[in-house]
Amino acid sequence: MASIEELSDPTLKSMDDIKAIDDEKLIPSSDEMIERSLGTFGWVEVVQCILVSFAMFFDAQQSFITIYTDDYPTWHCTNQTMCTSNSNICKIPKSSWSWDGPSQKTIISQWNLECASSFITGLPQSSFFIGCLIGTFALATLADTSLGRKNMLIISCLSMSITSIIIVFSTNVWIYSALKFLIGFWRSSIGTCVLVLLTEKVSTEWRFTVGIVEYFCFTLGYTSLPGIAYVFRFSSWKNVYIWTSIPAIIYSIIGYFFVIESPRWLLMQGRNQEAIAMLKGMSSEENDDLTSSLLLNVPPQQKASVFQLYSSIAKLFERSWALKRMVATMVLGIGIGMVYFGMPLAVGNLGFDIYLAVVFNGLMEIPSCVATYFLENRQRKPSILAFSLASGVCCVMCVVVGSEVQGIKVGLALTSFFSACTAYNVFLIYIIELFPTSVRNTTTSLVRQAIVFGNIFSPFLISAGRKNDVFSYGVFGVVIMLSCITLLSLPETKGLALCDTMDQQEKKEKNYV
């Protein structure tokens, strides 16, 4: 029934107005209806969750493959009178030393880049991140509008894999860097599409769980790299690219036929019949009639035209709260992402076995996933703050300890990475909850690319950090701690159902407050 305040509203003209209020309260909103329909989590949902999440396995491989393909190989002296183990190979004749293993082991040894500047050696990975940044602005809104989450995911994964095979034909670092740019461009939307597609196909109860499956697949992809690189340690770096790309192409073909599109996106596009069929397959029998009757009454929306493809970005500028929220999350993402991506790429600076270092880093992501699972019922903001600060402090301590006590430095680096992983995992769920379906893929992409923007500079910082840890670990620690200030301007989202439109999001938060 209408409340006393509503009945006393002077704008009400008749009993029909009062009845309309009652009807509005009796009929659930579209997001509430979808929540009911997605209440179960059976075998179909489990298979879909694993199938969609596995794209992150290949995304992780391409993100960190340069740890091995662009590494500085070890070398040995061939002329003891002109060379010692402490010699600078840039200041002694080439004939007095030789690489351990084949000269084509990495791009450094194959293209004689051992004495090149930090800019040249850091250019390929930096180009990768620049490609990610530009790819987001070019591709992000397509998943919200014309292509949808599924098609964007498959196209991105397939294109990334094909380019990764083409890169083996590079003849110099410039062509190699250009193709790394294209790989970054295509993979830019994979993580976003996976996360959005997963969370939009389950209810609030299961949202955190499916997010953890995504992180676990990313971890598997990252930890698979040492094994692949170790198998080909006595052959060309090109083999690592080939054997990480072929499985990804096979996955893309399988995904095209078996991955299911998001019912929320279908509903937003006015494809109500497809959404009904999908939700009926996911919902319990008692909700079938409710699902059908409500969805059939949703007014169809026009398909996006060429001029409307980027309308979701414009929506953010129409609401001041959305724009402020967007900027705050992007700044926070830069800090967390710099440590999350920077620490694994900097394992060569630890002076530790590069294969074991990556394995240890990968193993840190497993307890991070477990910690994220137990944080499901905790508030998002305090969780992000605590783990971000812990990561920053450990980074700074790596500078203080230095290389004199290698064991302690490695332990601090692993602890910093674990904390950054946990903060990153919770953060990705948090940004999903901050924005409605109509702009969710776009906002998530923009935040991810703010993360990428910060990492454009990481390869150069890591190169400079080979001589002084302040430029790598010190900068990482300060940036992540300062970024946490933005949490003060963001709302708490724990336990809130996802909304579909900007108006629903605005209304729900006003009611929540």
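The report below starts with the whole chain and then visits a few places along it.

**The chain as a whole**

What you see is a predicted model. The chain has 513 residues, and 56% of them count as buried. Its secondary structure comprises 25 helices and two strands. The accessible surface is about 21,600 Å², with 66% of that belonging to carbon and sulfur atoms. If you look at contacts with a separation of 6 or more, 81% of them are between residues 24 or more positions apart.

How confident was the predictor? The mean pLDDT of the chain is 81, and 83% of the residues reach 70 or more.

| Stretch | pLDDT | Contacts in the model |
|---|---|---|
| Residues 1-27 | below 50 | 19 contacts |
| Residues 299-309 | below 50 | 13 contacts |

**A nonpolar patch on the surface**

Next, find the surface patch formed by Phe216, Leu220, Leu356, Phe360, Leu363, Ile366, Val370, Tyr373 and Phe374. Together these nonpolar residues have about 810 Å² of accessible area. Helix 12 and helix 19 (354-374) are the elements that each give two or more residues to the patch. Which of the elements gives the most to the nonpolar patch? That is helix 19, with seven residues.

Ser236 counts as buried because its relative accessibility is 13%, and the cut-off for buried is under 20%. Leaving aside residues up to four places away in sequence, Ser236 touches Gln104 and Lys105. Its side chain also has a polar atom 3.1 Å from the backbone nitrogen of Lys238.

The other loop to visit runs between helix 7 (107-110) and helix 8 (118-139), and Asn112 lies in it. What is the phi of Asn112? The angle is positive, about 55 degrees, although Asn112 is not a glycine.

Note on methods: Residues are numbered from 1 along each chain as its sequence is written. This is a predicted model: local features need pLDDT of at least 70, side-chain atom pairs count only at pLDDT 80 or more; totals for chains, interfaces and linings use all residues. Side-chain values use heavy atoms; hydrogens and water are left out. Buried means under 20% relative accessible area, exposed over 50%, partly exposed in between (1.4 Å probe, protein chains only). A polar contact is a pair of N or O atoms within 3.5 Å; within protein, one must be able to donate a hydrogen and the other to accept it, and residues adjacent in sequence count only if both atoms are side-chain atoms. Contact means heavy atoms within 4.5 Å. pLDDT is the predictor's confidence in each residue, from 0 to 100. Patches are made of residues with over 30% relative accessible area and no salt bridge: like charges are joined within 9 Å, nonpolar side chains (Val, Leu, Ile, Met, Phe, Trp, Tyr) within 5 Å. Accessible areas come from the Shrake-Rupley method with a 1.4 Å probe; for residues, only the protein chains shown count as cover. A salt bridge is a side-chain nitrogen of Lys or Arg within 4 Å of a carboxyl oxygen of Asp or Glu. Helices (H or I, at least four residues) and strands (E, at least two) are DSSP runs, numbered from the N terminus.
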